[in-house]
Amino acid sequence: MSLSGRYVIAGIGHTAFGKLPGQDTVSLNVEACRHALADACVDKSVVDAVFVKVPTSAHQFMYGQKVAEALGITPRMGGCWDQGGAANITLLSFAIMAIEAGQCDVALVCYADNPRSGNRAVYGRPRGDDAAYGWFSTAAGYGMIHRRHMIEYGTRPEDFAAVAIASRKHGAGNPSAQLRKPLDLEQYMVSPWVVDPLRKDDCALVSDGGAALVVMSAKRAKELGVAQPVPVLGFGHGQTSFELPQRATLTSTEAARSAHTAFQMAGAKPQDVDVAQLYDCFTVTVLMTLEDYGFCGKGEAGAFVRDGAIEYGGQLPVNTSGGLLSETGMPGLQLIMEGVRQMRGTARLQVSGAKLCVVSNQGGTMHTHSTLLLGN
Amino acid sequence: MEMPKPEPTDLSRPYWDALREGYLVFQRCRCGNAWLPARTHCPACLKPEPRWERASGRGRIVSWVVYHTAYHPAFADKLPYNVALVQLIEGPRLLTNIVDPNEALAADAPVVLKIEWEGDTALARFRLDYTPA
C-alpha cells in the first residue's frame, strides 16, 4: 500500500532568523522543537524518534544524541544525517518509512546552525589540493554551473535576477525574514561580484536559526487531535559525485530523478502543482530545478521566469515566504514550513485554492537533491 | 603570504612529481576508463592498480569563475583571478587557472598545458591555444 497521504506533518516551528549571538545549535534545535510540538498540540512524551540534520558550520560526533538529550527524549530511533541541504526532506522520508516499519511512532525532524554569529568558514573553505589554484568556497562551484547554463542555453543575467527579485519581493513583507529589502533589476545589475558570474544577490543569506517538524501517521494525528495536519503525498531523492569536475554535465541536477520518484508516488504531474518552494541557495539552482522538475523545457527556465511567472500572482508562485535569498539562509526547512502553511491555507502570501505544493531541498554543490509533495 | 600547497599522499605523489618533471599525468584502467584525481580503484569497473598515463596537455574550457573575494590571504593581491574547469582531450577533467587575461576566456576554448611554479610546487595551469586547428 502506498505511503502517499497516510503520513502528515503535524506541526512546524522555528526560532528567530538572522543573527542570534550566544545561542548554540543545540539550544536553537530545542527552541524550534518546542514551537513545533506546540503547533502540533502534542506533548513531547509522545515523541519516540529524533532525526537531526548536522549543523553545516560545525559537524559534531553523535550530535543527534546531544539534541535528544537536551530535549529530554530517549528516542527509539534517530541520529544525525549529513547530506547538505537535501537532508531535511530525506530525514522526513526516513521518519515516515521508520514509522511505517513499526520502528517508531512520532518523530521530530530538526535542524539548527549559527554560522552568522559563529563560524562561517565552511562556506569559504579550501577545496582540497585545488586550493593551490585558488579553488575556495561553496559559491564558486555554483558559479561554474551558472556560467555553463549561460553558455549552453543563453540564459541572461536578467533571468537570474528574476529569481532573486521574486524571493526578495515575497520576503519583504515577511516579519520573520532576515532580509526584508526588495530588489529590482537595476540594483541586481550593480550588486557586487562575489565569484563572477555570481553577484551578492545571487547568493543565499548566512543565517543563525533553527526549525523543526513533527511527523506522524494521519491516523495518529487524528487520535492525538492534531489541528492542521498536512499530508505528505510524495518524496524522492537523487545524488551525484562529490567533486564537481567528475560530473558528465554541469547543467542537469539530480532534481529530475528525485522529482520523478516523488511525482510517481503522489500520482501527480508537474502541471498539477499550484505553488512551489524551491531551494534557492543560488539563483541558478531555482532555474535548473524548474527545468528538471518539468515546469519548462531544458534551457527554458530563463524565459519561464521572465515577466514575473514565479512571483505571487504569477503562473507558478515560488518561495512565497522569501526562501534562502530573503527569509533565512538556513538550508531548507523554511521551505517545508512554508509549504505546510500554503497547504493549511495560512500563508501570508496564500495561493488561493492551492491543493498541491512541491518543495525542493538540495545539498552541497548540487550533490544531493530531495523532493517533497504536500497536499491538503 | 604563502600560497596554499597541495598535500601529496602516497596515492597522489606520482601526479605532483610528474608536474615537477614537466608533464601532466592522469590514471587509466585496463577497462579504458581514464580519470583525475588519483584513486586506488577504477570508479567504473572497480579494478585496482590503474596505470599513470602522460596527457597530451591539450583540452578545452568547460566553465570558469572569476574570484572577486579572497578566501585566503595569499590570493588577495591576485584578485580578480580565474579558476577554470578544463576537460583534457583524453577525457579527465581538472580545476586549474588559465594564465591569459580573464576577459579572454571563452566557452569551449582550446587550451594547452603551461606548468608554473609557486614556490617549490609545480602547478598544472593552462593557456589559451591560438594554434589554428
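These are my notes on one residue, A:Cys110, and the strand that holds it.

**Entry 1: the model.** I am working with a predicted model.

**Entry 2: locating the residue.** I looked up A:Cys110 and found it in strand S4 of chain A, which covers residues 107–113.

**Entry 3: buried or exposed?** A residue counts as buried if 20 or more other C-beta atoms lie within 10 Å of its own.

**Entry 4: contacts.** Which residues does A:Cys110 touch, leaving aside its neighbours within four places in sequence? I listed A:Asn29, A:Ala32, A:Cys33, A:Val52, A:Val67, A:Gly210, A:Ala211 and A:Ala212. I also looked up A:Leu278. It is 168 residues from A:Cys110 in sequence and 19 Å away in space, C-alpha to C-alpha.

Entry 5: Next I went along S4(A). Seven of its seven residues are buried, so the strand is largely enclosed by the rest of the structure. In a regular strand the side chains alternate between the two faces of the sheet.

**Entry 6: partner strands.** What does S4(A) pair with? I found strand S2 of chain A, residues 49–53, running parallel to S4(A) and joined to it by four bridges. Here A:Phe51 stands opposite A:Val109. I also found strand S7 of chain A, residues 209–217. Seven bridges join S7 to S4(A), and these two run antiparallel. A:Leu108 has A:Val214 in S7(A) as its bridge partner.

Conventions:
Residues numbered from 1 in each chain as written. Chains lettered and ligands numbered in written order. Predicted model: local features only at pLDDT ≥ 70, side-chain atom pairs only at ≥ 80, totals over all residues. Contact = placed C-beta atoms within 7 Å. Buried ≥ 20, exposed ≤ 12 C-beta atoms within 10 Å, placed from the backbone. Pairing = 2+ DSSP bridges.
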